[in-house]
Amino acid sequence: MRKTLVVMVKEPHPGRVKTRLGRDLGLVGAAWWFRHQTRALLRRLRDPRWDLVLAVSPDAEGLTSRVWPVDLPRWAQGKGDLGDRMGAAFEAMPDGPVCIIGADIPDVTRPRIAEAFAELGRSEAVFGPAPDGGYWLVGLKRMRRHAGLFRHVRWSTEHALADSVASLGDARVGYIAELRDVDTVADLPS
């Protein structure tokens, strides 16, 4: 079965992306950082072992945007909280293992993504934890749909990972390396 890597992106408009980072860098600086970080990430993650798909927001603007590479397939994130949108992405992707990441993790590499897909050979779900209690990657083997997936998750808190794992019930869950996303200037790579 074909593997799919979904990267969730927002149009990089000042005040729409990385607003906490914008408090430190200014909203224009934060949007500039996100746009260039995302472009570098997409170049780095192209690999013949998986299909790379963009989950875009806002829907209409993201589907026609000239900011992102035109050769990458796009899927509109739709409405709802992060869990609703990620759950819909899992449902919309083709059969086979699917991993979802955000675009604001500078240390994501092809070997890290390959590690996640390899873990899905042993587990039904995989998470890449973040030091703040959240996670930078979630993946599902897709052998069965987890009906309660992402229910009752306290997003943007130190409980997001634990709540997400709990939403999977008795599914076998694996973990890969911890990576940091960028929320504030302190999170930026040196």
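Mentor: One term before we start: a salt bridge is a side-chain nitrogen of Lys or Arg within 4 Å of a carboxyl oxygen of Asp or Glu. Keep in mind that this is a predicted model, where local features need pLDDT of at least 70, side-chain atom pairs count only at pLDDT 80 or more, and totals for chains, interfaces and linings use all residues. Residues are numbered from 1 along each chain as its sequence is written, and side-chain values use heavy atoms, with hydrogens and water left out.

Trainee: How many salt bridges does a search of the whole structure find, and which residues are linked in a network with Asp-104?
Mentor: The search of the whole structure comes up with twelve salt bridges. In one network of salt bridges, Asp-104 is linked with Lys-18, Arg-20 and Asp-183.

Trainee: How many residues apart are Lys-18 and Asp-183?
Mentor: These two form a salt bridge, with their closest N and O atoms 3.6 Å apart. Lys-18 is in the loop between β1 and α1, while Asp-183 is in the segment after β7 (173–175). Helices (H or I, at least four residues) and strands (E, at least two) are DSSP runs, numbered from the N terminus. The pair links distant parts of the chain, and the separation is 165 residues.

Trainee: Is Asp-183 buried or exposed?
Mentor: Buried means under 20% relative accessible area, exposed means over 50%, and partly exposed is in between (1.4 Å probe, protein chains only). Asp-183 has 14% relative accessibility, so the label is buried.

Trainee: What is the N to O distance between Arg-20 and Asp-183?
Mentor: Arg-20 is partly exposed, with a relative accessible area of 41%. The side chains of Arg-20 and Asp-183 meet in a salt bridge, and the N to O distance is 3.0 Å.

Trainee: Let's turn to α2. How far does the helix reach from its first C-alpha to its last?
Mentor: Helix α2 covers residues 27–45, which is 19 residues. The expected span of a helix is 1.5 Å times one less than its number of residues. For α2 the expected value is 27 Å, and the helix reaches close to that: 27 Å.

Trainee: How wide an arc do the buried residues of α2 cover around the axis?
Mentor: The buried residues are Ala-30, Ala-31, Trp-33, Phe-34, Gln-37, Thr-38, Leu-41, Leu-42 and Leu-45. They sit on the same side of α2, because the arc they cover around the axis is only 155°. That arc is the one made by the directions from the helix axis to the C-beta atoms.

Trainee: Which residues are exposed on the other side of α2?
Mentor: What covers the buried residues of α2 includes β1 (4–10), α1 (19–25), β2 (51–57), β4 (98–102) and α5 (110–119). On the other side, the exposed ones are Val-28, Trp-32 and Arg-43.

Trainee: How many aromatic pairs are there?
Mentor: Rings of Phe, Tyr and Trp (its six-membered ring) pair if their centres lie within 6.5 Å; planes under 30 degrees apart count as stacked, over 60 as edge-to-face and the rest as tilted. By this rule the count is six.

Trainee: How are the rings of Phe-34 and Trp-68 arranged?
Mentor: Phe-34 is buried at a relative accessible area of 6%, and Trp-68 is buried at 1%. Their ring centres are 6.4 Å apart and their planes are at 90°, so the pair is edge-to-face.

Trainee: Where does β6 pair over five bridges?
Mentor: Two strands pair if DSSP finds at least two bridges between them. β6 pairs with β4 in the antiparallel sense over four bridges. The antiparallel pairing over five bridges is with strand β5 (residues 125–129).

Trainee: Which peptide bond is cis?
Mentor: Look in the loop between β2 and α3 (59–64), where Pro-58 has its place. With omega near -10°, the cis peptide bond runs from Ser-57 to Pro-58.

How values were computed. Contact = heavy atoms within 4.5 Å.
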